[in-house]
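Hello,

Here is the structure I promised to pass on to you. Please open it beside this email, and then read on for what turned up in it.

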Amino acid sequence: MFKKTILACLVAGSLLSGQVSAESISGVVTDSAGKPVAGAKVTVVGENQHAVTDETGRFSVSQLLMQDAELHIEAPRYAHRNFHFTVPQQGLSDVSLVLLNSTIEVIDVKASLFHASATESALPVSVLAGDALKMRQAATLGDTLKNEVGVHSNFYGGVASSPIIRGLDGPRVLITQNGLDAGDASRVGPDHSVASEASTATQIEVLRGPATLFYGSGAIGGVVNVVDERIPTDNSTRAEWMVQRESVNNEKLAAGSLVTGVDNIGLYIDGFWRDSDDYSIPGFAEAQPDDDAVKGRVASTAATAKGFTLGGSYLLDNGYVGVSYGRLDREYGIPGHSHGSHEEEAHEEEGVDHAGEEQVYADLTQNRYQLLSELNFSSGLIRAVNTRLAFTDYEHSEIEAGVVGTTFQNQSHEARLEILHRPYQNWRGGLSLHYKFSDFEAIGEEAFTPPSETQMLALGWMEERHFGPWLVQMGARVERVTIDATDVLLPDIGAHDHDGDDHGHDHGGEAGFIRVFDVSQRFTPYSVSAGTVWDFTEGYNLGLSVSRSQRAPSASELLSFGAHIGTASYEVGALFMLEGDELVLNTQPIEMEVANNLDITLRKFSGNTGFVLNAFYNRIDNYYYQQNTGLFAESGHNHAGHAHGEEDHGHSHDAELPVYLFTAADVTLHGLEAQFSWQINDPFKLTLQGDYIRARLQGGGDLPRTPPLRLAAELAYELDALSADLRATRYFKQDKVSELEQATAGYTLLDASVSYRFDLGPQQLTAYIKGQNLTDEEARVHTSFLKDLTPLPGRSVAVGIRGSF
């Protein structure tokens, strides 16, 4: 496949022919007060020409290929704007382009095929970048993004967390690194860490809602794209670094990156090191016996991680070709996962910290290779050819008493070829050919899913065009997904009900196997989408997006059959069904999920106030979720205690686990998201935001672990070298719960930070202090599988310094 992709690039280049005409446009870019805007980027839409304004705001672009030209203007602290011109043969000179200042930070989105900004997209987009990213970066991706509108975290004791977008996570939210799948095992279970690092990222993008046109059916709920410069697009020398120390878990962090080069070679290197102890919690004197934290610290939440990346690019006149290699090593405890003896568990309840052999921890290693290229052509039908290739070798072992209990391995290959055409009838866009292969294997006592291979081949098409104040975006994608597995097991697990009736099975010993067989499933999901952005008056627009997307169930949703201690449940895949009180093979065909999504967004992005209001409605047919069967099965471990309970299960150390069956049902998710910004005066800015979601089964009832209503207010101060902010976030009580799931109390978190910028020689330095949960509030995250075991960390203060040159 890789050879075919490279061959396609060469064939595309051979198709180019034509003559370059000599029309040009020159002029000046100013703000609404008539002052020149320096450093603004002026791009000819659908072409490869661009220019940057000088100190007087002047620019010039030449060699236009079309008489009707569209210019896209972008600059920091200003809203992006498009201008249309009819260009005569002699060109245009002294045109005046006016930008509107914006209180909403406007950043280009790399995850989009057109690299549009968040205010120009029909689909809601959030971008965390710059100082905001540096101040919010955390050890896990979910905790880094948890304050973004519409994004929550499935908090797993601070050692692992994935983002939840509008109540969806796991295989419905795709995690990418520079546009390519992260290739880890984070979507198999919440105790599996996402293989990415925020401290070396330049920005993190969140596409809320179906992003299947770009990335496939695995993005039916959204995409999180972590962007860095591991394959540099220029060779100007620059560097960033930071060191930080945090109190709540004694975390120590050091990270840095460097871009440099010579002639037409660009080089990149980055690295990070992070080490932390078990974190402390508030109110530990009143901690419950099952908190594993009577001494004030949550056991098995220590972690250490390190990694580096090397990259290089060959810079061409019309683009670049680059490769990179990244290495990630991470060790972290797995809270609630200890398999010790009765005596040891009792000691833990008395506050004795057993950090020795009986604690279970994960050892994660990932090697990742990438090739990226962008080639632009000055004439011919094809404007650009973009190629992305990745190979990822991931391994995650769970170790108890020095012995490897379970190992998860995932080798993945991915290739994407994008061919962009020149504007035709003012339409711009192109085709995407996408291939992905994953060889996943779990070996050991908690290998709850059999080895499997998943392949995806897809063809996508996207186009957009301006019709006066209207921007119309549309596209379609069709995929071929195959899931092949050998040695799929149907064991006799001796399931029994709450009263202990085992229905004639002897579940006191090891389970026997009723059947061992092979599985081969084929799916052809498709997606179609249409959207529009209407600039109905200056500084305002209205976005509308409608889509229909299909998703094939993942291998774990389909084939699982075993104890998953990370979620304290016995998971059974959709390939099986419950017949009476027996688990048997499902005789019905496996259906694909079908999501019908509607998004409406109203934005104000100019002046001293700005807002983004979004409403969404998502109807998903054949939604795969874990339904409580009311049965219990042996976990295969001799745990102490005895408790059966709610959806979260409390992670009691019990030898029996509730049986959860992946079942397809029709569901409805709808909600509201809002963000308001007010630049009160030069130093003070007020930001208000909130989000709310309902996730319900069409047949009645609520989906489990749905994020609660959340409201937040932040007051920021920035003047000269000093910046500060104070943020309060209220999480309301969540009592819209599924069967056997308990409600979660509301709580309020207070955070603050202060930073001071200064120069030291050629370096620009920023010293900062930031505090989280300053009121030491006890908070339990409703979306977490461990909410009864691992409350959020208590009061924490971090100090650090970062620099750049």
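Over the face of which ring does R166 lie? R166 sits over the face of F616, 4.1 Å from the ring centre. R172 is placed in this way over Y623, at 3.9 Å from the ring centre. The rule used here is that a charge sits over a ring if NZ of Lys or CZ of Arg is within 6 Å of the ring centre and within 35 degrees of the ring normal.

Before you go further, please keep in mind that this is a predicted model, where local features need pLDDT of at least 70 and side-chain atom pairs count only at pLDDT 80 or more, while totals for chains, interfaces and linings use all residues. Residues are numbered from 1 along each chain as its sequence is written, and side-chain values use heavy atoms, with hydrogens and water left out.

Now for the sheets. Strands are DSSP runs of E with at least two residues, numbered from the N terminus, and two strands pair if DSSP finds at least two bridges between them.

If you want a spot to look at, find E70, which stands opposite H84 in strand 6.

Strand 6 also takes part in a link to another part of the chain. The side chains of R81 and E538 meet in a salt bridge (4.0 Å, N to O). R81 lies in strand 6 and E538 in the loop between strand 27 and strand 28, so this pair ties together parts that are 457 residues apart in sequence. A salt bridge here is a side-chain nitrogen of Lys or Arg within 4 Å of a carboxyl oxygen of Asp or Glu, and the count by this rule is 35.

A second open sheet is made of 5 strands with mixed pairing, in the order 8-13-14-11-12. At its edges are strand 8 (125-129) and strand 12 (180-181), each pairing on one side only. Strand 11 (residues 173-177) and strand 14 (residues 222-227) pair in the parallel sense over 5 bridges, with T176 opposite N225 in strand 14.

Next come two hairpins. Strand 31 (residues 576-579) runs antiparallel to strand 32 (residues 582-585), and 4 bridges join them. There are 2 residues between these strands, and G580 in the turn has a positive phi of about 70°. Strand 37 and strand 38 (residues 722-731) are joined by 10 bridges and also run antiparallel. Their hairpin has 2 residues between the strands, and D720 in its turn has a positive phi of about 55°. Y717 has A724 in strand 38 as its bridge partner.

Finally, look at the nonpolar patch on the surface. F467, W470, W534, F536, L542, L544, V546, L598, I600 and Y617 form this patch, with about 810 Å² of accessible area together. Patch residues have over 30% relative accessible area and no salt bridge, and their nonpolar side chains (Val, Leu, Ile, Met, Phe, Trp, Tyr) are joined within 5 Å; the areas come from the Shrake-Rupley method with a 1.4 Å probe, and for residues, only the protein chains shown count as cover. Which strand gives the most to the patch? Strand 28 does, with 3 residues, and L542 lies in that strand.

Enjoy exploring!

Conventions. Patches are made of residues with over 30% relative accessible area and no salt bridge: like charges are joined within 9 Å, nonpolar side chains (Val, Leu, Ile, Met, Phe, Trp, Tyr) within 5 Å.
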